[in-house]
Structures are given as structure tokens and as C-alpha cells.
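Subject: Model handover

Hello,

Here is the structure for you to work from. My notes on it follow below.

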Amino acid sequence: MAASSKVPSLRLPPLPTVGELIKLYKLRAEKQLSQNFLLDLRLTDKLVRQAGSLRGAHVCEVGPGPGGLTRSILNAGAADLLVVEKDSRFIPGLKLLSEAAPDRMRIVHGDILTYRMDRGFPAQISKPWEEDPPNLHIIGNLPFNVSTPLIIKWLENIANRTGPFTFGRTQLTLTFQKEVVERLTASTGCRQRSRISIMAQYLCTVRKCFVIPGQAFVPKPEVDVGVVHFTPLVQPQIQQPFKLVEKVVRNIFQFRRKHCHKGIERLFPEVCRAELTQEMMQQADVDPVLRPTELTIPHVRALTEAYAQLCAHEPDLLGYEFREELRLKHLSRNKRMPVDSTKSSPQPC
Ligand SMILES: C[S@@+](CC[C@H](N)C(=O)[O-])C[C@H]1O[C@@H](n2cnc3c(N)ncnc32)[C@H](O)[C@@H]1O
């Protein structure tokens with residue numbers, strides 16, 4: 001479809017009303033599944049506009065439910081929409097939508113956490129990583145308990161160029177609870193700066209789009225919801241393996257109110273903790289009394305590089321987990337047994 005061509009108008013079946021939804025899906029009973037639906041098509045249109053032009057695009061919509069966003073995606077001119085829905089009660093309604101948009105909508109009844117999106121679209125749509133993003137978008141209003149683990153999984157996929165990112169720098173437009181949006185987009189020095197701010201921002205341009213008040217959803221969630229757009233960066237700001245970056249950042253933020261060296265110390269076993277922490281801070285040239293929230297991504301880059309060098313010198317360090325050591329100590333104390341930490345927790349240095 002040419003970019004300038006008009007989006008063909010569709011005669012889509014109307015969205016179910018709140019009353020119909022309650023009857024059809026026993027909505028009240030499903031509150032524990034965190035199903036909060038957007039039935040206002042002006043809002044779903046606004047959310048879809050955040051993805052940019054969808055004319056002729058391939059789109060994966062995660063968790064379409066009764067299909068409010070789905071309708072907006074089709075109306076925006078997506079040529080190939082693949083929806084992944086876990087709840088079987090929505091499948092008949094989605095089939096009606098698919099019939100009203102012939103050859104433009106495919107339905108997968110499955111779990112987005114395990115769905116192989118790399119197999120869901122033709123290889124021809126791929127774009128080299130260094131070029132513009134492919135004409136493939138991921139869009140979704142997912143339950144909060146799914147959207148956070150999912151973005152972490154997708155960030156790892158971005159780092160490794162796997163999953164949806166085998167096609168190139170696939171863009172994502174997703175909802176999160178407002179508090180998570182603040183953390184995803186927090187810059188250095190902000191109170192909300194946290195592990196997920198660094199992990200998302202070292203790999204992507206992260207844009208806070210707009211906030212949807214809780215009362216716009218049926219049923220109303222406890223919190224407001226925000227829409228976030230992610231575009232993977234051509235060059236990640238940190239060039240170390242995702243798992244290593246994740247480990248360093250997790251340790252730094254475990255004492256978020258203390259000086260950053262406190263968390264960094266926990267990367268090392270007790271016997272060499274003080275010495276290696278000092279070496280890592282010096283090598284990275286980072287002030288040990290900065291707070292985790294004050295660290296910039298270049299600071300974290302320098303710290304991960306210094307840690308990677310130490311691990312290259314002493315490979316057992318990479319497997320060392322302070323919390324695992326604590327857990328083992330705790331277990332052995334409870335059993336009144338001496339700790340044999342050499343068995344399950346490496347003691348390098
Ligand atoms: C918050 S509701 C939103 C529904 C719809 N997108 C909307 O905006 O009205 C989340 C939807 O995701 C579906 N869902 C939840 N977990 C899922 C998973 N792991 N894989 C696929 N769909 C899931 C739910 O069944 C539900 O339809």
C-alpha cells in the first residue's frame with residue numbers, strides 16, 4: 001500500500017458495550033486476571049497514533065481482548081495484523097473482526113510470553129539493524145503483571161537481536177501502570193530512576209506518550225495507566241552482554257538510597273570484596289559516593305566494562321551471587337550445619 005493512499009474504510013462490528021461485556025465475559029469475576037478494557041475508540045485511536053503511521057504495516061497486537069485497540073489498528077490501515085490472545089472467550093469476537101477485514105487479521109490463541117514472534121511474520125519485511133526500523137510494530141494494552149516481565153524479555157531480545165528483533169529495530173507501543181512509566185523514562189537524578197530506567201534507556205529511545213486515567217478502563221484499575229513508545233537504538237549505549245549489564249545494575253540498585261559502591265561491593269565474595277570494589281570503581285573512574293539514582297548511562301557503561309575486565313581475569317566472579325550466598329548461609333544456619341560455600345557458590349579471588 002503506497003504511503004499516500006487513503007486508508008480504506010472498514011465496516012467493523014461495533015465494540016461490545018460494558019453491559020454486553022459483563023454478560024459475555026463475566027467481567028467482575030475476572031478482576032483477578034487484571035483485565036481492564038479500553039472501550040473508548042477515541043482513546044484507542046490516540047494510543048495507536050503513538051506508533052506512527054500504520055498504513056500498510058505489519059502489527060502484532062498483544063492481548064486484544066474485546067478488540068478496541070484492534071479496531072483502531074485496522075482503521076489506521078495496518079495491512080497485516082496478528083493478534084495474540086490468551087483468553088479463549090475473546091476468540092469468537094475476534095473472528096468476527098477478522099471476517100470484517102478480510103486477509104488483514106490473523107488470530108493466535110496463545111500466550112505472548114511464549115509465542116515465537118520471529119516466526120509470525122515473513123522474513124522479507126526485515127531491515128538491517130543500522131537502517132530505519134522495519135514496518136513492523138508491537139502494540140498492546142496488557143495486564144501489568146504481564147507487561148513488565150514482557151518488556152524485560154523484549155529488552156534482552158533487543159540486546160541479542162532475537163525474537164521480534166530478528167526483523168530489525170521493531171518499535172513497541174505499550175501500556176504500563178503509571179508508576180512503571182515514570183521509572184522507564186526517569187532521567188539521571190530523578191527520584192524514580194531505577195534498574196528498569198537504565199536497562200530500557202541503554203537499549204532504546206524511550207518516549208512517555210500520554211497518561212490514560214484509570215476511569216477510562218472497564219473495570220477501573222486501582223492506578224492510572226501510561227503509554228510508552230520504544231525504538232531500539234542502532235548502537236546500544238553499553239556494549240556488554242545483557243546478563244552482565246543486568247547483574248551490575250541489579251546490584252547497584254539494591255541499595256538505592258546508599259552510595260553506589262555499597263551495591264557494587266555485593267558483586268564480589270567477602271574475601272576480596274573491598275579490594276575488587278575499589279579496583280572496579282577506580283578503573284571505571286566513577287565517584288563511589290554517588291547515589292544509584294545519580295549514575296548516568298556512561299557511568300554504568302564504565303562500571304560494566306570494569307566488571308567485565310575483572311571477570312575476564314577471574315571467570316568465577318560472573319557466577320557469584322551475593323543473595324545466593326546469603327540464602328545458603330541462612331539455610332545452613334537453620335539446619336545448624338557449617339556452610340560449604342565452595343559447592344554451590346564460587347569463591348573466586
Ligand atoms: C488489560 S486487557 C486489555 C484488552 C484490550 N487490549 C483492551 O485494551 O481493551 C489485557 C488482555 O490481555 C490478555 N492477556 C493477558 N495475559 C496474556 C498473555 N500472557 N498472552 C496473551 N494475552 C494475554 C487478556 O486476556 C486481555 O484480553
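Which residues does the UniProt annotation "binding site" cover? The annotation, from an unreviewed entry, covers N36, L38, G63, E85, D111 and N141. UniProt positions are given in the numbering used here, feature names are shortened, and annotations may be inferred rather than shown by experiment.

Before the details, two points on the source. This is a predicted model, in which local features need pLDDT of at least 70 and side-chain atom pairs count only at pLDDT 80 or more, while totals for chains, interfaces and linings use all residues. Residues are numbered from 1 along each chain as its sequence is written.

Binding-site residues

N36 sits in the loop between α1 (18-25) and β1 (37-38); helices (H or I, at least four residues) and strands (E, at least two) are DSSP runs, numbered from the N terminus. N36 counts as buried because it has 23 C-beta neighbours inside 10 Å. The cut-offs are 20 or more other C-beta atoms within 10 Å for buried, 12 or fewer for exposed, and partly exposed in between, with C-beta atoms placed from the backbone. Leaving out residues up to four places away in sequence, N36 touches F217, P219 and P221, where contact is C-beta atoms, placed from the backbone, within 7 Å.

E85 belongs to strand β3 (residues 80-85). E85 also has 23 C-beta neighbours inside 10 Å and so counts as buried. Its contacts, with residues up to four places away in sequence not counted, include G63, P64, G65 and H109.

Ligand shell

The ligand is surrounded by 23 residues, the closest being F37, G63, G65, D87 and N141; a residue is near if its C-beta atom, placed from the backbone, lies within 6 Å. At least two residues of the shell come from each of β1, α3 (68-75) and β3.

Domain record

UniProt, again in an unreviewed entry, lists residues 43-234 as "domain: Ribosomal RNA adenine methylase transferase N-terminal". Over residues 43-234 the chain is 31% helix and 24% strand, with the end C-alpha atoms 31 Å apart.

Helix α10

The buried residues of α10 (residues 273-284) are L276, M280, M281 and A284. Seen down the axis of α10, they fall within an arc of 135°, so they line one face of the helix; the arc is that of the directions from the helix axis to the C-beta atoms. These buried residues pack against α9 (260-265) and α11 (297-313). A274, E275 and Q282, on the other side of α10, are exposed. After α10 comes D285, with a positive phi near 60°.

Regards

How values were computed: The expected span of a helix is 1.5 Å times one less than its number of residues. Two residues are in contact if their C-beta atoms, placed from the backbone, lie within 7 Å.
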